[in-house]
Amino acid sequence: MAGRLPYNHADGQAEFAIRMNVRSTIVSQFEQVALEQKRKLARLSDDLKLLDSGLDSLSFALIVMRLEEALGFDPFDESDEMLFPVTFGDFVKLYEGRSK
């Protein structure tokens with residue numbers, strides 16, 4: 001097929017590993033902050049609304065701060081027009097999109 005780059009299996013595996021690492025780092029921070037803040041964390045799924053997660057604004061601030069330390073960036077600093085993610089899946093995608 002003209003104009004189409006061949007699929008590189010190694011690149012696909014590397015991208016998958018990066019996404020899984022980002023996701024596991026985020027899940028770990030949600031769990032750790034919930035424990036420290038004595039919050040009952042809802043089961044994390046992509047469709048879980050962040051407002052229903054059991055965390056408060058202080059918890060989210062701690063998570064974002066720790067993710068900046070762990071991942072080396074804060075996606076909320078990058079755009080004035082960014083909408084805050086609504087679901088856990090949106091939150092993860094925000095970080096996955098930046099880590100590529």
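Buried here means under 20% relative accessible area, exposed means over 50%, and partly exposed is whatever falls in between (1.4 Å probe, protein chains only). The model is a predicted one, so to speak of local features takes a pLDDT of at least 70, side-chain atom pairs count only at pLDDT 80 or more, and totals for chains, interfaces and linings use all residues. Residue numbers run from 1 along each chain as its sequence is written, and side-chain values use heavy atoms, with hydrogens and water left out.

Thr-25 sits in helix H1; helices (H or I, at least four residues) and strands (E, at least two) are DSSP runs, numbered from the N terminus. Leaving aside residues up to four places away in sequence, Thr-25 touches Leu-67, Ala-70 and Leu-71, where contact means heavy atoms within 4.5 Å.

The loop between helix H1 (9-36) and helix H2 (57-71) holds Lys-38. With 76% relative accessibility, Lys-38 counts as exposed. Its phi is near 55 degrees, a positive value in a residue other than glycine. Most residues other than glycine have a negative phi.

Leu-44 is also found in the loop between H1 and H2. Again not counting residues up to four places away in sequence, Leu-44 touches Val-27, Phe-30 and Phe-88.

In helix H3 (residues 88-98), the buried residues are Phe-88, Gly-89, Phe-91, Val-92, Tyr-95 and Glu-96. Seen down the axis of H3, they fall within an arc of 160 degrees, so they line one face of the helix; the arc is that of the directions from the helix axis to the C-beta atoms.
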